[in-house]
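Let's take a quick tour of some aromatic rings, a charge and a couple of loop residues. Have the model open as you read.

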Amino acid sequence: EVHAVEPAQRARLAAQLLFPELHVVAGSASNTPLEPGCADVVTLLGVVSLLDDDGPALEEAGRLLADHGHLVVADLVSATADSWSDADNRFRSVEDLEALAHAHGFVVDSVGCGAVSASGRWGEVAERVDEWIEDHCADRDGYDRWAADKDKLRFLASEGSVLGGVLVARPSPQRMSARARTSGAHGARVRTRHAWTASSGQADGVSRRDGARGEATEPGTPGA
């Protein structure tokens, strides 16, 4: 089963209406109501580019992951080796994203980037989300800013300033050892197997490859 965590009540309602198979709960990327070690996979989809400080979100992902689980980050990244930001977004380089994961107790298995392409299942999901927002939220505060940001991101992708990036990582042995010591101190507990995802509703697909920056060779299809 998949749990989606979202702080905004209307966004939770939209997620439940659009994707009834999801278990949608209140919370944020850095503060969820889920149990430690409960997730086999944690995904951050279009989240890190919206955060000035990714540390709390990565620490929460580490708390939720089972010892042999995986963290997946999919987002827009800088097209160069230099991270940069504007008023609304922070575009990290894949090199900086990898260093950030290492700094918060993860071993990176795969990281890469490629041209942005909203296609396949991810494109279908993005289209459903965009249509719902346009149909239900056009008269609300924040809609114009959302629409302008969407157009800006598409322009940046079309001119090659940003790419789609994917990082796959797992808890480091040091993190697993610390988890074992903490669990031992508090006694055994039952773990249910599921995935946890946080998403900004990013409407872009990505390509990925193993290794560092370069031309993408495998199409990826991030999904909830």
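## Aromatic pairs

Searching the whole structure turns up two aromatic pairs. (Rings of Phe, Tyr and Trp, the last taken as its six-membered ring, pair if their centres lie within 6.5 Å; planes under 30 degrees apart count as stacked, over 60 as edge-to-face and the rest as tilted.) Trp 84 and Phe 91 make a tilted pair, because their planes sit at 45° with the ring centres 4.8 Å apart. Tyr 143 and Trp 146 are tilted too, at 5.6 Å centre to centre and 40° between the planes.

A word on the ground rules: this is a predicted model, where local features need pLDDT of at least 70 and side-chain atom pairs count only at pLDDT 80 or more, while totals for chains, interfaces and linings use all residues. Residues are numbered from 1 along each chain as its sequence is written, and side-chain values use heavy atoms, with hydrogens and water left out.

## How covered are the rings?

Phe 91 is buried at 0%, whereas Trp 84 is partly exposed at 29%.

In the other pair, Tyr 143 has a relative accessible area of 18%, so it is buried, and Trp 146, at 25%, is partly exposed. Both Tyr 143 and Trp 146 belong to helix α5 (residues 143-158), three residues apart, or about one turn of the helix. (Helices, H or I and at least four residues, and strands, E and at least two, are DSSP runs numbered from the N terminus.)

## A charge over a ring

Now look at Phe 106: the charged end of Arg 175 sits over its ring, 5.2 Å from the centre. That label calls for NZ of Lys or CZ of Arg within 6 Å of the ring centre and within 35 degrees of the ring normal.

## Two loop residues

Asp 54 is in the loop between β3 (39-45) and α2 (55-64), and it's buried, at 2% relative accessibility. Setting aside neighbours within four places in sequence, Asp 54 is in contact (heavy atoms within 4.5 Å) with Val 48, Arg 92 and Leu 100.

Ala 8 lies in the loop between β1 (2-6) and α1 (9-18) and is partly exposed at 35%. Ala 8 and Gly 27 are 19 residues apart in sequence, with 8.4 Å from C-alpha to C-alpha.

Key:
Buried means under 20% relative accessible area, exposed over 50%, partly exposed in between (1.4 Å probe, protein chains only).
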